[in-house]
Amino acid sequence: MKQRKLGHSTLSVSALGLGCMGMSEFYAGADEEECLAALKLALDRGLNFLDTADMYGPFKNEELVGRGIKGRRDEVVLATKFGNMRGSDGSFQGVNGRPEYVRACCDASLKRLRVDHIDLYYQHRVDRTVPIEETVGAMSRLVDAGKVRFLGLSEASSATIRRAHAVHPISALQTEYSLWSRDPEDELLATARELGITFVAYSPLGRGFLTGRFAKFEDLPEKDYRRFSPRFQGENFVKNLALVDKVSEIARDKGVKPAQLALAWVLAQGDGIVPIPGTTRRAHLEENLETLDITLSADELARIDEVAPKGAASGARYHETALQFVNG
């Protein structure tokens, strides 16, 4: 398994990680036993970078991952997150970065994951009502206590990252990045590279859209989160489908699948980037892992940039309510 160094840490992670969110919520159709089998396969194949969060489920995803890594803790670089408050009924209750909340969330995550430490602990969303210095200060005390090894931020602005990094080294920045979400190229990638922070790209397959599996809106399962995502709505869907068709054409010429081309493109953006595509099935995991053997030439990268330039996707990444919590 190819490895990439996790910034400001002693850890190396697999060049491709595994996002576990969809195993418990948001995307319909996950089978728990198949998800556990996929986790086992990932570890068997040397994929060691697993990503979860307390809000997924809510709370159930950490429990699932905990079961999946039982007896194999030493093989895993385990990442989880706090900050998005959920009720036990699934309700969304805002963002919280207060120090006492940080401590409580960490203890709860350790219990659900059945581990004595978390390798990479992220603030999931920035709480604009609490100075980042206070939140990261509380996170650093978790490092001092041995409960957490290294720190990360998710969906933070460059200014926030710099302020946080001045309090305690930030090892990873997790933000959406793919052929249809290239906004990090404006500033975030440069900031991460300057500060030696690993950029963890979530949704590198555009929430599955870049795989080419959705030909019409009705292909989305009932109760699937993507039915409410702006990029999957109406005219946006049609325009984005045309983008996927162009990417798929390049993939056919390359002799690979559209998802593999999309992942290979993210991997080609630099060794400081680690994509974490999510999947709930072993077959899809195997396809993703094959991407690590795909090399894109300069001509192929130029062709991809031509058909999928920055800003090519139609529609916002999130609906209006959720957008207020990104780039904090």
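A79 has a relative accessibility of 0%, so this residue counts as buried. The model described here is predicted. A79 belongs to strand β5, which covers residues 77-82. Its surroundings include residues from other parts of the sequence. A79 touches F49, L50, D51, T52, L120 and Y122, leaving aside residues up to four places away in sequence. One of these contacts can be described by distance. A79 and D51 are 28 residues apart in sequence, yet their C-alpha atoms are 4.9 Å apart in space.

Helix α1 was examined next. The helix runs over residues 32-44 and has 13 residues. At 1.5 Å a residue, α1 should span 18 Å. Several residues of α1 are buried: C35, L36, A38, L39, L41, A42 and L43. These buried residues pack against two strands, β3 (18-19) and β4 (49-51). They also pack against two helices, α2 (60-68) and α9 (282-290). Both ends of α1 have a feature to note. At the start, a side-chain oxygen of D31 comes to within 3.2 Å of the backbone nitrogen of E33. After the helix comes G46, which has a positive phi, near 90 degrees.

Aromatic rings were then searched for pairs. A pair of rings is described by the distance of the centres and the angle of the planes. The search of the whole structure gives 9 aromatic pairs. In one of them, the ring centres of Y177 and W265 are 5.5 Å apart. Their planes meet at 50 degrees, so this pair is tilted. Y177 lies in the loop between β10 (170-176) and α6 (188-195), while W265 lies in helix α8 (residues 258-267). The pair therefore ties together parts that are 88 residues apart in sequence. Y177 has a relative accessibility of 1%, so Y177 counts as buried. W265 is at 0%, so W265 counts as buried too.

A further pair joins W180 and F232. Their ring centres lie 5.9 Å apart. The planes stand at 90 degrees, so the pair is edge-to-face. W180 is in the loop between β10 and α6. F232 is in the loop between β11 (198-202) and α7 (234-254).

The charged end of R86 is over the ring of F92, at 4.0 Å from the ring centre. R226 lies over the face of Y27, and here the distance to the ring centre is 4.1 Å.

Salt bridges were also counted. The structure holds 29 of them. One joins the side chains of R73 and D119, with an N to O distance of 3.0 Å. This pair links distant parts of the chain. R73 is in the loop between α2 and β5, whereas D119 is in strand β8 (residues 118-123), and the two are 46 residues apart. Buried means under 20% relative accessible area. R73 has 17%, so R73 is buried. D119 has 2%, so D119 is buried as well.

Two further salt bridges have partly exposed partners. R98 forms a salt bridge with E100, and their closest N and O atoms are 3.2 Å apart. R98 has a relative accessibility of 42%, so R98 counts as partly exposed. E100 is partly exposed too, with a relative accessible area of 44%. D219 forms a salt bridge with K216, and here the closest N and O atoms are 3.1 Å apart. D219 is at 29% relative accessibility, so D219 counts as partly exposed. K216 is at 45%, so K216 is likewise partly exposed. Salt bridges can also share partners. In this way K40, D44, R72 and E75 are joined into one network.

Notes
Residues numbered from 1 in each chain as written. Predicted model: local features only at pLDDT ≥ 70, side-chain atom pairs only at ≥ 80, totals over all residues. Heavy atoms only, no water. Phe/Tyr/Trp six-rings, centres within 6.5 Å; stacked < 30°, edge-to-face > 60°. Helix = DSSP H or I, 4+ residues; strand = E, 2+ residues; numbered from the N terminus. Buried < 20%, exposed > 50% of the residue type's maximum accessible area, 1.4 Å probe, protein only. Lys NZ or Arg CZ within 6 Å of the ring centre and 35° of its normal. Contact = heavy atoms within 4.5 Å. Expected span 1.5 Å × (residues − 1). Polar contact = N/O pair within 3.5 Å; in protein donor to acceptor, adjacent residues only side chain to side chain. Salt bridge = Lys/Arg side-chain N within 4 Å of Asp/Glu carboxyl O.
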